[in-house]
Amino acid sequence: MVTAVPRLVIAAPASGSGKTTVATGLMAAFAARGLAVSGHKVGPDYIDPGYHSLATGRVGRNLDAYLCGPDSVGPLFLHGSRGCDIAVVEGVMGLYDGVAGQGELASTAHVAKLLRAPVVLVVDASSQSRSVAAVVHGFVSWDPEVRVGGVILNKVASDRHEELLREALESAGVPVLGVLRRVARVDTPSRHLGLVPVAERRGEAVDAVAAMAAQVSAGCDLEELVSLARSAGELSCAGWDAAEVLGSAPPPPLPVPSSRGSAPSTPPGGSAPWTPVGPEGASSSNAGRAEKSGLVVAVAGGSAFTFSYAEHAELLTAAGADVVTFDPLRDEQLPDGTRGLVIGGGFPEVYAAELAANEPLRKAIGDFALSGAPVAAECAGLLYLCRELDGKPMCGVLDATARMSERLTLGYRDAVAVSDSVLAGVGTRMRAHEFHRTVVEPGSGAAAAWGVRTPVRRVEGFVQQGVHASYLHTHWAGQPDVARRFVAACAAGVNP
């Protein structure tokens, strides 16, 4: 058994109850008391972990039992919370809401059970009094394996309202661990895909997190919450380690630099130029080494590209890459020595004019992709590689256009690689998540990236030369070979 840090899961009966305010406020309040706090988010959401990071001073981590598998939840939690005094896990949707048609899978309740962690239920009490006891009783009794250790009442109108709520819950035998008043509002602006990311409103986000901390500190019994966190059970797994999951085989050797414009050969039956060099694998000594490998993988960041799981960079590093972040809004060239390019999710639609104005970088990325070098693009990255986005010129790597749409596309996906690429061989199965209000036309290239089985059967994305571009967000901790294959492609490819 492994002694894990004290921990709490912050859940709610439904979305909009105040989980983010309570979870982020608790993280910041605990940190203000001198505790080292680890923040986690159930599910695929990239935005909330940014606020968690601001509250704790540590990288926010996701725990997704669908994308990475149930067996990964404990190890990833131990990895993220290593060296901390307490951990706060923010839930997703309602406590028992999981993957459609698959029972509890990936629900907050499922993750709480995997972590053997007590649950604090945040209840929007704005339109009820005694009925709150029935609501809480239903959630407490639904699954005996889920331990609800108490409730925090949100949007309470007055002292009298609080009194009625406490009386009702006392009869239900559920302790009230906090009361947040309706008048105390925290400004966390939203737009078409949820909260505005921290990177886009740093100063305002700092103020918002401070307000959450003040609200939670004033309304919650922090001592009782810490005590409840300490009642969490032991875990029977070891912490996740990027180098260990990649194995102990030696890293692929670096190739002799080739001239710009040349490309690796095409694999048998494949559509993307990629040649593996040496045995697949990475040395565990790659992780945390002081020296640089010289194999630079550039990762897009800044305000327009804020969506990335921390484990991706850790896996790339463990596989032998030097990960360097660049900002497509400001940097006019790729980092020196770039051998591979990763462009994740974000909001290029918000910054289309600024991205278009950075013509030198758009040209540099276009030339880089044309050279056959490895490029992995997800969602926002896909849009950026198109000819244009909402009429604004983008990188022109893909013969496609992108535009905003009124329709929200959202949900988990089961996917299978239908073309050999720098990320996956044909037949590789991955679980993914799709989340956007844009449309790319056409939706796939001559060689598609993925065949998708949910919600309908279709192919989507583009594989051409060294480019893999798709709407699907993937979590590489669920399929670590993706990072190893990508770095091997970088080592085998051209040196632009």
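Predicted model: local features only at pLDDT ≥ 70, side-chain atom pairs only at ≥ 80, totals over all residues.
In helix 10, which spans residues 310–318, the buried positions are Glu311, His312, Leu315, Leu316 and Ala318. Viewed along the axis of helix 10, these buried residues fall within an arc of 165°, so they line one face of the helix. An α-helix has 3.6 residues a turn, so residues three or four places apart point the same way. After helix 10 comes Gly320, which has a positive phi, near 115°.

Sorted by class, the lining of the second largest pocket has 22 nonpolar residues, 13 polar residues and five charged residues.

Side chains of opposite charge can pair when their charged atoms come close. Across the whole structure, a search finds 22 salt bridges.

| Salt bridge | Distance, N to O |
|---|---|
| Glu441 and Arg403 | 3.1 Å |
| Arg413 and Glu434 | 2.8 Å |
| Arg431 and Asp414 | 3.6 Å |

The salt bridge of Glu441 with Arg403 links distant parts of the chain, since Glu441 belongs to strand 17 (residues 429–441) and Arg403 to strand 16 (residues 401–417), 38 residues apart. Glu441 has a relative accessibility of 40% and therefore counts as partly exposed, and Arg403, with a relative accessible area of 36%, is likewise partly exposed.

The salt bridge that Arg413 forms with Glu434 also links distant parts of the chain, with Arg413 in strand 16 and Glu434 in strand 17, 21 residues apart. Here Arg413 is buried, its relative accessible area being 6%, and Glu434, at 3% relative accessibility, counts as buried too.

In the pairing of Arg431 with Asp414, Arg431 lies in strand 17 and Asp414 in strand 16, and the two residues, 17 apart, again link distant parts of the chain. Arg431 is partly exposed, with a relative accessible area of 31%, whereas Asp414, at 15% relative accessibility, counts as buried. Elsewhere, salt bridges that share partners join Glu104, Lys113, Asp143 and Glu145 into one network.

**The chain as a whole**

These features belong to a chain with 14 helices and 22 strands. Of its 496 residues, 58% count as buried. When contacts between residues at least 6 apart in sequence are considered, 77% of them join residues that are at least 24 apart.

Note on methods. Residues numbered from 1 in each chain as written. Heavy atoms only, no water. Salt bridge = Lys/Arg side-chain N within 4 Å of Asp/Glu carboxyl O. Helix = DSSP H or I, 4+ residues; strand = E, 2+ residues; numbered from the N terminus. Buried < 20%, exposed > 50% of the residue type's maximum accessible area, 1.4 Å probe, protein only. Arc of directions from axis to C-beta. Nonpolar A, V, L, I, M, F, W, Y, C, P; charged D, E, K, R; others polar. Contact = heavy atoms within 4.5 Å.
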